[in-house]
Amino acid sequence: MRHIVIRYFDRCPHWRLAAERVRGALQLAGLTDATVEHEPVETMEDAVRAGFRGSPTILVDGTDPWAEGDAPVGLACRIYRTEAGPQGAPTVAELRAVLAGTS
């Protein structure tokens, strides 16, 4: 069973896009038993404590598959490099690949 956590801060609208795409990817992958949790990051102290590299951060079973080690910690919108160009969240296809363990 997969456990997904979407960390976000409310001023960044991309977390809603990420949540929508995660739901779509889970459905396409047939992962009906997966859990999805939304975790707000509200202060810079929270961001530092969580190692928050921007909103949204998508953790799959506790790991950020899109982590870039040199990305700064902070309350900012995160941009993902996708096959369709820069976007506010990974594509459904990218998420599905990660969730299915094929990326």
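Buried means under 20% relative accessible area, exposed means over 50%, and partly exposed lies in between (1.4 Å probe, protein chains only). At 23% relative accessibility, then, Asp 46 is partly exposed. This is a predicted model, in which local features need pLDDT of at least 70 and side-chain atom pairs count only at pLDDT 80 or more, while totals for chains, interfaces and linings use all residues. Residues are numbered from 1 along each chain as its sequence is written, and side-chain values use heavy atoms, with hydrogens and water left out.

A salt bridge here is a side-chain nitrogen of Lys or Arg within 4 Å of a carboxyl oxygen of Asp or Glu. By this rule the model has 6 salt bridges, among them these:

| Pair | Closest N and O atoms |
|---|---|
| Asp 61 and Arg 2 | 2.7 Å |
| Arg 78 and Asp 64 | 2.8 Å |

Elements follow DSSP: helices are runs of H or I with at least four residues, strands are runs of E with at least two, and both are numbered from the N terminus.

Asp 61 and Arg 2 form a salt bridge. This pair links distant parts of the chain, 59 residues apart: Asp 61 is in the loop between β3 (57–60) and β4 (80–82), and Arg 2 is in the segment before β1 (3–8). Asp 61 is partly exposed at 40%, and Arg 2 is partly exposed at 21%.

Within helix α2 (residues 44–50), Arg 49 and Asp 46 are 3 residues apart, so about one helical turn separates them. Arg 49 is exposed, at 64%.

How far apart in sequence are the parts that Arg 78 and Asp 64 tie together? Both residues lie in the loop between β3 and β4, 14 residues apart. Are Arg 78 and Asp 64 buried or exposed? Both are buried.
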